[in-house]
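Me: Hi! Could you walk me through this model in a quick chat?

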Amino acid sequence: MSLAHWTTLGKTWEEHFDMYCGSNTVDASGCWLWGGAIRKKDGYGQILVLLPDGTQAIRSAHQAGWLRKHGSLPERGLVLRHKCDNARCCNPDHLETGTQRDNVHDMIARGRNVRGEASKNSKLTTAKVIEARAAYKAGKKIRELAVENGVSTTLMSKVLRGERWKHITITA
C-alpha cells in the first residue's frame, strides 16, 4: 500500500499518527502509547484511514508505526507481532513480522493465553473440575455431571479424560 494513499480525513496519516503517538507518549519501557481510539475487544489502537479507492477503513495504530518506519506493511500472510506485549504500543522497534502461528506461540510462551476459569466464557471452575473428576472416579455418570455443571456431555467427557482443562492434572 502506497504511503501517499494512506491518509486520514483532513490530515496526512503521518500528522494523525504524530497527534496521537508523538514523542510525548513514550513510557518507561520505550513503548509509544497510542492516545487515540482503542479497540475494546483487544486494546489495540485504531486509526481511520482513507484508502486509494476513496473508502474509509480502520487500521491498527501499530501498523501505522511500522509503515512510517519501513514504508510498507508486511507482505501478505505475515502479521506484526509486539515484542513488548503492549497492544497500545506503536513503536516500530517493538514490532517484528511473523506468521499468525508465531504470534500464537509468542502468546503461549509469554503466558498471555487465557485458560480455565480465567476465560470469560468458562462455565467451570478449578474446584468444579476437581469435584467432577472425583465424582466420576467414584462412579457418577458423565451425563449427570454435565447436567449438574451446565455443560454438554461432550465437554464433560473431555474434561474427565484431561483433554480439556489440561492444566488441572488428573491424579491417580
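Predicted model: local features only at pLDDT ≥ 70, side-chain atom pairs only at ≥ 80, totals over all residues.

Me: Great. How many helices and strands does the protein have?
Reply: Six helices and six strands. Helices (H or I, at least four residues) and strands (E, at least two) are DSSP runs, numbered from the N terminus.

Me: And in what order do the elements run from the N terminus on?
Reply: The order is β-β-α-β-β-α-β-β-α-α-α-α.

Me: What percentage of the residues count as buried?
Reply: 31% of the 172 residues. Buried means under 20% relative accessible area, exposed over 50%, and partly exposed in between (1.4 Å probe, protein chains only).

Me: Which residues of helix α1 are buried?
Reply: In α1, residues 13–21, the buried ones are Trp 13, His 16, Phe 17 and Cys 21. They span an arc of only 100° around the axis, so they sit on the same side of α1. The arc is that of the directions from the helix axis to the C-beta atoms.

Me: Why would residues three or four places apart point the same way?
Reply: Because an α-helix has 3.6 residues a turn.

Me: Switching to helix pairs: at what angle do α4 and α6 cross?
Reply: At roughly 85°, with the axes of α4 (residues 126–137) and α6 (residues 153–161) coming within 10 Å. Axes are lines fitted to C-alpha atoms, for helices over the stretch in contact, and angles run from 0 to 180 degrees between N-to-C directions. α4 and α6 are therefore roughly perpendicular to each other (angles under 35 degrees count as roughly parallel, over 145 as roughly antiparallel, 65 to 115 as roughly perpendicular and the rest as oblique).

Me: Which residues meet there?
Reply: Val 129, Ala 132, Arg 133 and Tyr 136 from α4 meet Met 156, Val 159 and Leu 160 from α6. Contact means heavy atoms within 4.5 Å. By class, the α4–α6 contact has six nonpolar, no polar and one charged residues. Ala, Val, Leu, Ile, Met, Phe, Trp, Tyr, Cys and Pro count as nonpolar, Asp, Glu, Lys and Arg as charged, and the others, Gly among them, as polar.

Me: And how far apart are the axes of α5 and α6?
Reply: They are 9 Å apart, and α5 (residues 142–149) packs against α6 at an angle of about 110°. That pair is therefore roughly perpendicular as well: α5 and α6. Among the α5 residues in the contact are Ile 142 and Leu 145, and α6 residues there include Met 156 and Leu 160. The contact of α5 with α6 divides into five nonpolar, three polar and one charged residues.

Me: What about Asp 85: where is its place?
Reply: Asp 85 is in the loop between β5 (79–82) and β6 (95–98). Its phi is also positive, about 60°, and Asp 85 is partly exposed at 32% relative accessible area.

Me: Last one: is Ser 60 buried or exposed?
Reply: Buried, because its relative accessibility is 11%. Ser 60 lies in strand β4, residues 56–60, and touches Arg 39, Gly 45 and Ile 47, leaving aside residues up to four places away in sequence.

Conventions. Residues numbered from 1 in each chain as written. Heavy atoms only, no water.
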